[in-house]
Amino acid sequence: MPESRPPHPPFTLETARQKVQAAEDAWNTRDPHRVALAYTEDSVWRNRDRFLTGREEIVAFLTEKWRRELDYALRKSLWSFHENRIAVRFQYECRDTDGQWWRSYGNELWEFDEYGLMRRREASIDDVAIEESDRRVFGPRPAGEHGTDLPVR
C-alpha cells in the first residue's frame, strides 16, 4: 500500500489550511527525518539556490540547516490553492552561531501526489538581520493562533 499523508488533493479551503498547519508544525520540530516523511521518495526541491532530489537529500539539507539556524521558529500561511497545489508565504526567525538574529521571508509553491505527499517544493527566501528585541516568532504556534498572518514588517 502506498504511503499516505492526509489530507489528500483536491484541496478545499479547510484541507489546504490543515496541510499548511501540519507543515508548520512538522518544521517547528526541527526533526529532519519527521519532516522528510511528508515528501515523496523522489520529491524535487528548489530552496533558494539549492536543488535537491529525494528524501535522503532533504534530510541532509535540513540537518545542515538546523545546525546553522539555531532557535529556529516558523510561521506559514496559506496564500492560495487549486486541486493538488498550494502556495504559502512564511516567516521564520533564528540566530546564527555568532548570536545574530535573522528573520527570513519566503514564498513556497507545493505540488502533491494523490496520496497527499509533496512531490515538488519551490522556495524563494530573503533574509533580514534583526535585533533580538525585534523577534516575534517564538517556538511552535499556539493553537489559538492557527491561521493568523504575521505582518510583513
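**Aromatic rings and their partners**

In this predicted model, the charged end of Arg121 is placed over the ring of Trp45, at 4.2 Å from its centre. Trp45 also belongs to a cluster that ring pairs hold together, and the aromatic pairs in the structure come to 9. A pair of aromatic rings is described by two quantities, the distance of the centres and the angle of the planes.

**The pair Phe11 and Phe112**
- The ring centres of Phe11 and Phe112 are 5.2 Å apart and their planes stand at 75°, and because an angle over 60 degrees counts as edge-to-face, this pair is edge-to-face.
- Phe11 is found in the segment before helix H1 (13–27), whereas Phe112 is in strand E5 (residues 101–112), so the pair ties together parts that lie 101 residues apart in sequence.
- Phe11 and Phe112 are both buried.

**The pair Trp27 and Trp66**
- Trp27 and Trp66 have ring centres 5.6 Å apart and planes at 85°, so this pair, too, is edge-to-face.
- Since Trp27 is part of helix H1 and Trp66 part of helix H3 (residues 55–68), the pair ties together parts that are 39 residues apart in sequence.
- Trp27 has a relative accessible area of 5% and is therefore buried, and Trp66, at 10% relative accessibility, counts as buried.

- Ring pairs join Trp27, Tyr39, Trp45, Phe61, Trp66, Tyr72, Phe90 and Tyr92 into a cluster.
- Phe90, one of the members of this cluster, has Lys76 lying over its face, at 4.9 Å from the ring centre.

Definitions and conventions:
Residues numbered from 1 in each chain as written. Predicted model: local features only at pLDDT ≥ 70, side-chain atom pairs only at ≥ 80, totals over all residues. Heavy atoms only, no water. Phe/Tyr/Trp six-rings, centres within 6.5 Å; stacked < 30°, edge-to-face > 60°. Helix = DSSP H or I, 4+ residues; strand = E, 2+ residues; numbered from the N terminus. Buried < 20%, exposed > 50% of the residue type's maximum accessible area, 1.4 Å probe, protein only. Lys NZ or Arg CZ within 6 Å of the ring centre and 35° of its normal.
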